[in-house]
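This report describes the pockets, cavities and aromatic pairs of one protein model. The structure is shown first, and the text follows.

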Amino acid sequence: MRVPIIAGDAFPAPAVPGWRAVPATGITVAAVRTALPPHRYAQDDLVEPIGDLCLPPGADRALLRRLHASSGVRTRHLALPIERYASLGDFGQSNDAWMAVGLELGEEALTGALRDAGLEPADVDLLVCASITGIAAPSLDARLAGRVGLRPDVKRLPVFGLGCVAGAAGIARLHDYLRGHPDDTAVLLTVELCSLTLQQRDRSRANLVAGALFGDGAAALVARGGSCGSGTRAGDAGPSVVATCSRLYPGTEQLLGWDIGADGFRVVIDTGIPGIVRDHFGRHVRAFLACHGLTTDDIETWVCHPGGPRVLSAVTDTIGLPADALDSAWRSLATVGNMSSVSVLHILRNTWQSRRPEPGAWGLLMAMGPGFCSELVLLRW
C-alpha cells in the first residue's frame with residue numbers, strides 16, 4: 001500500500017503536546033507474571049492442521065507453508081488442543097472458550113504476580129484488564145474479583161480495542177493513576193487467546209499470517225505508588241516508570257484491527273505497517289527521549305512488542321539500534337509467538353529474571369497497535 005504522509009512529523013520535541021518532561025515519581029513495578037496454556041506446539045506441527053481449518057480441500061498450501069517458515073516462530077502455546085478448533089462452529093463457541101480459558105490463565109497470572117510482589121488480592125486498589133480476543137459483560141475482571149478475593153470496592157477498568165499496544169498503554173495508565181494515588185497498588189492484567197479468533201475457511205493472507213504468527217497467554221503486572229515502596233526485597237526491585245508517551249498516526253486507521261461480523265473477529269493486518277514504523281517511529285522515539293535529556297545511546301534495555309520479523313527489523317532500522325538490541329523480542333517471538341498485549345509484559349519479565357539491568361540503567365518499553373498507534377514507557381532500574 002501507499003504509506004500515508006503524516007503532517008507535522010518533523011517537529012522540535014519540546015513543542016509536542018503531551019511530551020513534556022515529567023520527573024520520576026517513585027512509581028515502581030513490583031512484579032510481572034506470565035501464564036501460558038499447557039498446549040504447546042512446534043511451529044512445523046501446526047502448519048497442516050491450520051491449513052485444514054483455513055483452506056478448502058485440495059487448495060495449494062505453498063503460501064501457508066512460506067508464512068509459517070518465515071514467521072520467526074518456533075513454538076507456540078494454544079488455548080485448546082489443536083484438534084479442538086475444528087469443532088468451534090461459531091463465534092459464540094469461540095467466545096465461550098475464551099471466557100473459560102481466559103479466567104483460568106488470568107487467575108494464574110494475577111495471583112502469581114501478587115504473590116511475587118508479597119501482596120494479597122485485598123491489597124489491590126485498581127485492576128485494569130485488557131483483551132482484544134474475546135468480549136464479556138460482566139467483564140473478566142469482574143468475574144475474577146470473587147474468585148481471587150479482590151475487595152468489593154476495588155476500582156476496575158476493562159479495556160477492549162487497544163490490541164498489541166495494550167501492554168504498554170496499560171502500564172502508562174497505571175502510571176497516570178498512581179501519580180495521583182501514591183498510596184495505592186494497581187494491577188494490569190492482559191489476557192489474549194489469539195488462536196480462538198482464527199477464521200475457518202478464510203484463505204485471506206491476513207488470516208493466514210495470523211495463523212502463523214500469534215500465540216496465546218496472559219500476564220499480570222503489579223505497580224505501586226511512591227508512598228508504598230516496591231513490595232519486594234531491595235535486590236528484587238523492578239524498574240520505576242519515569243514517563244510515558246502515546247502517539248496516533250493520522251490516516252492509518254485501516255491498517256490493523258478487526259472487521260467484526262457474524263463469524264467474530266476477522267483480522268486486518270496491512271502490509272503497509274512496517275513502512276509506517278520505518279518512516280515515523282524512530283523520530284518519535286528520539287524526540288521522546290530528548291524531552292528527558294536522553295538519546296538512544298543512553299538506553300540499556302529495549303523491551304519491544306514482537307509484532308513480527310518485518311516490524312522488528314523496521315524498528316531496529318528506524319531507531320538505528322545495534323543488531324542485538326531487540327534480541328529479547330526475537331527470542332519471545334520464537335518461543336511463544338506474538339501474544340498481542342501479553343508479549344511486552346512477558347519480555348519485561350524475562351529481562352527482569354534473566355539479565356536484570358544495573359541500578360540506574362535506563363530502559364524503554366514500546367509497542368504498537370490498532371489506531372495505528374504507538375506507546376512508549378520510559379523505565380529506570
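## Pockets, cavities and aromatic pairs

Helix H3 contributes the most to the lining of the second largest pocket, with 4 residues. The model is predicted, so local features need pLDDT of at least 70 and side-chain atom pairs count only at pLDDT 80 or more, while totals for chains, interfaces and linings use all residues. Residues are numbered from 1 along each chain as its sequence is written, and side-chain values use heavy atoms, with hydrogens and water left out.

Helices (H or I, at least four residues) and strands (E, at least two) are DSSP runs, numbered from the N terminus. On a 1 Å grid over the protein atoms alone, a cavity is a set of points where a 1.4 Å probe fits but cannot get out, and a pocket is an open set with protein on both sides within 12 Å along at least five of seven lines; lining residues have an atom within 4 Å of a point. Grid points are joined across faces, edges and corners, and a volume is the space filled by probe spheres set on the points.

The second largest pocket is lined by 20 residues, with Leu-88, Ser-94, Leu-198, Gln-199 and Asp-263 nearest its centre. Helix H3 (91-116) and strand S10 (264-269) each supply at least two of its lining residues. For the largest pocket, the lining has 26 residues, and Val-209, Leu-213, Ile-269, Gly-307 and Arg-310 lie nearest the centre. Elements giving two or more residues to that lining include helix H6 (205-213) and helix H7 (273-290). H6 gives the most, with 5 residues.

The table sets out volume and lining by class. Ala, Val, Leu, Ile, Met, Phe, Trp, Tyr, Cys and Pro count as nonpolar, Asp, Glu, Lys and Arg as charged, and the others, Gly among them, as polar.

| Space | Volume | Lining by class |
|---|---|---|
| Largest pocket | about 610 Å³ | 15 nonpolar, 8 polar, 3 charged residues |
| Second largest pocket | about 260 Å³ | 8 nonpolar, 10 polar, 2 charged residues |
| Largest cavity | about 340 Å³ | 19 nonpolar, 9 polar, 2 charged residues |
| Second largest cavity | about 30 Å³ | 7 nonpolar, 1 polar, no charged residues |

There are 2 cavities of 30 Å³ or more. Around the largest cavity are 30 lining residues, of which Cys-194, Thr-197, Ala-210, Phe-214 and Trp-258 lie nearest its centre. S10 gives the most to this lining, with 5 residues. In the second largest cavity, the largest share of the lining, 3 residues, comes from H5.

S10 also pairs with strand S9 (residues 256-261): 6 bridges join the two, which run antiparallel. Strands pair if DSSP finds at least two bridges between them. A hairpin of 2 residues connects S9 to S10.

Rings of Phe, Tyr and Trp (its six-membered ring) pair if their centres lie within 6.5 Å; planes under 30 degrees apart count as stacked, over 60 as edge-to-face and the rest as tilted. The count comes to 5 aromatic pairs. Tyr-249 and Phe-372 form a tilted pair, at 5.9 Å centre to centre and 45° between the planes. Tyr-249 lies in the loop between S8 and S9 and Phe-372 in the loop between S12 and S13, so the pair ties together parts 123 residues apart in sequence. Tyr-249 counts as buried (under 20% relative accessible area; exposed is over 50%, partly exposed in between, with a 1.4 Å probe and protein chains only). Phe-91, Phe-160, Trp-258 and Phe-265 form one aromatic cluster.
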